[in-house]
Amino acid sequence: MAVIAMFSAKGSPGVTTTALACVLSWQGRSVLAECDPAGGSVLSGYLSRLEIPPIGLLPLAAAALRDQLADTFAHQLVDLDAKNPGQRLVLPGINDTVQAGTIRPTWEPLTAFFSQLEHRDPGYDVIADCGRLATSAPPWPLLFRADLLLLVVRVTTLRTIAPAAGAAEMLRRELTQYGQGTGSLALALIGDGPYRRRDIEQRLQLPTAIELPDDRRTAEVLSDGGGRLRGSERLLRAAASAEPAVRDAIARRRAHLAPMSSRGSSRA
């Protein structure tokens with residue numbers, strides 16, 4: 001795998017909780033990168049019990065301007081797993097929306113760097129929490145170049161599903177204009193409701209890559225901290241079971257893009 005970007009249409013459907021559940025439960029080495037222009041929440045939530053210095057995306061963006069990403073990256077990470085050091089990491093996001101303007105010019109080099117992490121030794125997958133697409137400055141370079149784009153939707157009511165239709169259509173349009181096509185787009189569905197998975201897929205015209213239960217106790221720990229996780233919670237089990245399907249989706253996407261890249265190279 002390489003880069004997975006998660007985002008929502010609006011509101012708080014659980015993007016950060018979903019990203020964190022995947023990082024904590026998947027087998028491969030991974031980094032949760034908080035790329036939400038509205039600000040990160042892991043330090044003030046799940047990791048609020050720890051005293052962590054001001055590290056993360058903002059210093060990394062400054063390093064990108066100095067062409068020092070490789071030297072700076074490791075110093076901006078927080079280890080989430082004391083039993084398996086270096087296995088599950090988080091790159092904390094900005095803590096003030098004013099800082100989004102500082103980050104914006106660096107999304108291109110940051111995205112290129114994230115894309116190369118799987119090839120390092122050891123290699124890492126990046127799960128990017130991109131927040132709400134409705135923000136004034138979404139991280140477009142990251143969304144355009146991600147191997148998989150997951151629109152996180154809480155399926156409890158039509159009110160939570162309807163805004164996703166506009167977000168999906170906008171992403172399809174932007175991805176098409178960028179020249180990547182829409183094959184990287186998929187859904188991460190949370191909870192249960194009156195609508196079947198097939199109905200939601202037809203309404204949003206997207207396949208489902210991840211389905212997670214409405215495990216509120218575990219979600220509260222991931223969102224607010226203050227509790228212990230055993231790894232056997234329903235939410236973490238469901239996230240873990242989704243990993244093979246996500247990896248297959250990325251492999252199919254890359255296989256589809258490979259001939260197109262070859263044709264482009266031959267024409268050049």
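**Salt bridges**

Author: A search of the whole structure finds 13 salt bridges. This is a predicted model, where local features need pLDDT of at least 70, side-chain atom pairs count only at pLDDT 80 or more, and totals for chains, interfaces and linings use all residues. Residues are numbered from 1 along each chain as its sequence is written, and side-chain values use heavy atoms, with hydrogens and water left out.

Reader: Why is the pair Arg247 and Asp125 called a salt bridge?

Author: The term requires a side-chain nitrogen of Lys or Arg within 4 Å of a carboxyl oxygen of Asp or Glu. For Arg247 and Asp125, the closest N and O atoms are 3.2 Å apart. The pair therefore qualifies.

Reader: What makes this pair a tie between parts apart in sequence?

Author: Arg247 sits in helix α10 (residues 234-267) and Asp125 in strand β5 (residues 125-132), so the pair ties together parts 122 residues apart in sequence. Helices (H or I, at least four residues) and strands (E, at least two) are DSSP runs, numbered from the N terminus.

Reader: Why does Asp125 count as buried, and Arg247 as partly exposed?

Author: Buried means under 20% relative accessible area, exposed over 50%, partly exposed in between (1.4 Å probe, protein chains only). Asp125 has 8% relative accessibility, so it counts as buried. Arg247 has 27%, so it counts as partly exposed.

Reader: How do you know that Arg247 and Glu243 form a salt bridge?

Author: Their N to O distance is 2.9 Å. Both lie in helix α10, 4 residues apart, about one turn of the helix. Glu243, at 7% relative accessibility, counts as buried.
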